[in-house]
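Follow along with the model beside you.

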Amino acid sequence: MSILTLFVVIPALMLVGLWLAKSLNQVRGVMVAGASCLLALSVWLTIYFVQQRAAGNTDVMLLTYSTPWFKPLNIAYSVGVDGISVVMLLLSSIIVFTGTFASWQLKPLTKEYFLWFTLLSTGVYGFFICTDMFTMFMFYEVALIPMYLLIGVWGSGNKEYAAMKLTLMLMGGSALLIIGILGIYYFSGATTMNVNEIAAMHNIPIDIQKVFFPFIFIGFGVLGALFPFHTWSPDGHASAPTAVSMLHAGVLMKLGGYGCFRVAMYLLPDAANELAWIFLILTTISVVYGAFSACVQTDLKYINAYSSVSHCGLVLFALLMMTKTSCTGAILQMLSHGLMTALFFALIGMIYGRTHTRDIRYLDGLMKIMPFLAVGYVIAGLANLGLPGFSGFIAEMSIFVGSFENPDTFHRVATIIACTSIVVTAVYILRVVGKILYGEVKNPHYLELTDATWDERVAVICLIACVAGLGLFPLWASNVISDAVGPILANII
């Protein structure tokens, strides 16, 4: 049994512990203990992976394990990690850990909330460690289903509508996925659903690939906010409770980009090359449309939600450029955006919990009232617009430099158009920062508000440290990701 199974076992034990917990302190204790164990495990895994690469271990996947699960369809519980999986597991554990503290004061039904939150995280961890397509899909569904209740019960605003819209659209994407997965399995002639083994066979006819590639890419792309299937995202993010928004935008949307690269492009490479231009147009629209849409919003969560549409569109955009630099940048962007958007949603939730509004037209002078949260928001904003020294800069530079490596006019024009999002992002970030943080306090009620509590400070400081750490020391992550991107890209181009 691989040690990777602990990423599923620990959340399962957390579910049992939460179910048996009798008090709020016991619930919090279970969550902190479990989230801390998962964070420690992911940090150990990252260090182990880096050491293995430094020692010259060139195996594509490490810590692999497989055992039959349902033999009639050759479904197996197969796990293994490469550099992409490792950084995604690290990201997930950071968001779960900080999300626990961001939800410290959540009421009512705290126990039930954390039960569904933990089940959601179980699906995320399982998805990133699995190498069997069907098992990946199973964990993918486990990650999606809790969203309905988490938003519908503990959300705000038009939460029932948002929960229903999100669930139906993502289930529609899942329907496309299962068709594509079964199509790949049947027409590959494989006796396994293992992604790496099917990719090595490379025997699916191109006509068949062109039929099933859109099913897989759009199926995962719905979760990755691919235009025009992104409309669930702003409503879902705006209505979700704070930690759910953190995990949803920070990690769950990354399942889309991960799946597009690991399954759609890796297993259907000929179709990826033939049809990439179509989806490249759609992702370019996502990047620019999301940025401009964020400019005209007045709700802080909607601003960050449309910003996520733009940044996640940039991930798919870079993957479709199919250069090693751009694909490495895409995974770095997944890691960077996950940390930045989690920080944003955490701060927005903390501000909303005090002011009871997210409308920037009624927020002003917060720097004088809650300086810790305000400084955190400034840092998040600077990271989001790509300031050097933060994680966003190295990710976006890798994407745009790698994308421009394509010598043809089409790819270069698309890159230039996508680059305009940098300027637009700076516009809406600086506009919001100036509007809500500075100036005179016009609402006398705000003068009675307090700054961040200890639990909120833990979440914010951890996320800021990660955003700055990745920005100042990006080479380890870039090397780990690049080593994993190479074999996948070699199968595609």
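**Entry 1: a serine in a helix**

I began with S36, which is partly exposed at 28% relative accessibility. The scale I used calls a residue buried under 20% relative accessible area, exposed over 50%, and partly exposed in between, with a 1.4 Å probe and protein chains only. S36 belongs to helix α2, residues 24-54. Helices here are DSSP runs of H or I with at least four residues, strands are runs of E with at least two, and both are numbered from the N terminus. I then looked across to I178: its C-alpha atom is 34 Å from that of S36, and the two residues are 142 apart along the chain.

A note on the source: this is a predicted model, so I kept in mind that local features need pLDDT of at least 70 and side-chain atom pairs count only at pLDDT 80 or more, while totals for chains, interfaces and linings use all residues. Residues are numbered from 1 along each chain as its sequence is written, and side-chain values use heavy atoms, leaving out hydrogens and water.

I checked helix α7 (residues 159-188) next. Its 30 residues reach 43 Å from the first C-alpha to the last, close to the 44 Å expected at 1.5 Å a residue. The expected span is 1.5 Å times one less than the number of residues. Just after α7, I found G189 with a positive phi of about 70°.

Helix α12 (residues 254-267) has 14 residues, which should span 20 Å; its end C-alpha atoms are 19 Å apart, so the two values agree. Where is the kink in α12 centred? I found it at C260, with a bend of about 30°. The bend at a residue is the angle between axes fitted to the seven residues ending there and the seven starting there. I also noted that 14 of the 14 residues of α12 are buried, so this helix is largely enclosed by the rest of the structure.

**Entry 2: the nonpolar core**

Which residues touch the most other members of the largest nonpolar core? I wrote down M133, F213, F217, M265 and Y377, out of 183 residues in that core. A nonpolar core is a set of buried Ala, Val, Leu, Ile, Met, Phe, Trp, Tyr and Cys residues joined through side-chain atoms within 4.5 Å. Helix α15 (residues 324-355) gives the most to this core, with 17 residues.

Leaving aside neighbours within four places in sequence, F213 is in contact with several residues, including A264, M265, L268 and F279. Contact means heavy atoms within 4.5 Å.

**Entry 3: an isoleucine and an aspartate**

I369 sits in helix α16, residues 366-369. I369 is buried, with a relative accessible area of 11%. Not counting residues up to four places away in sequence, I369 touches V441, Y446 and L449.

Is D299 buried or exposed? It counts as buried, at 18% relative accessibility. I located D299 in the loop between α13 (269-295) and α14 (300-321). Its side chain makes a polar contact with the side chain of R358, at 3.1 Å. A polar contact is a pair of N or O atoms within 3.5 Å; within protein, one must be able to donate a hydrogen and the other to accept it, and residues adjacent in sequence count only if both atoms are side-chain atoms.

**Entry 4: cysteines**

How many disulfides are in the whole structure? My search found zero. A disulfide is a pair of cysteine sulfur atoms within 2.5 Å. C419 is in no disulfide, and the nearest cysteine sulfur, that of C327, is 16 Å away. C419 is partly exposed, at 27% relative accessible area.

Most residues other than glycine have a negative phi, and most peptide bonds are trans.

- A cis peptide bond joins K107 and P108, with omega about 0°; P108 lies in the loop between α3 (83-102) and α4 (110-129).
- L109 has a positive phi near 50°, and L109 is in the loop between α3 and α4 too.
- The F227 to P228 peptide bond is cis, with omega near 5°.
- H356 has a positive phi of about 60°, and H356 is exposed at 59% relative accessible area.
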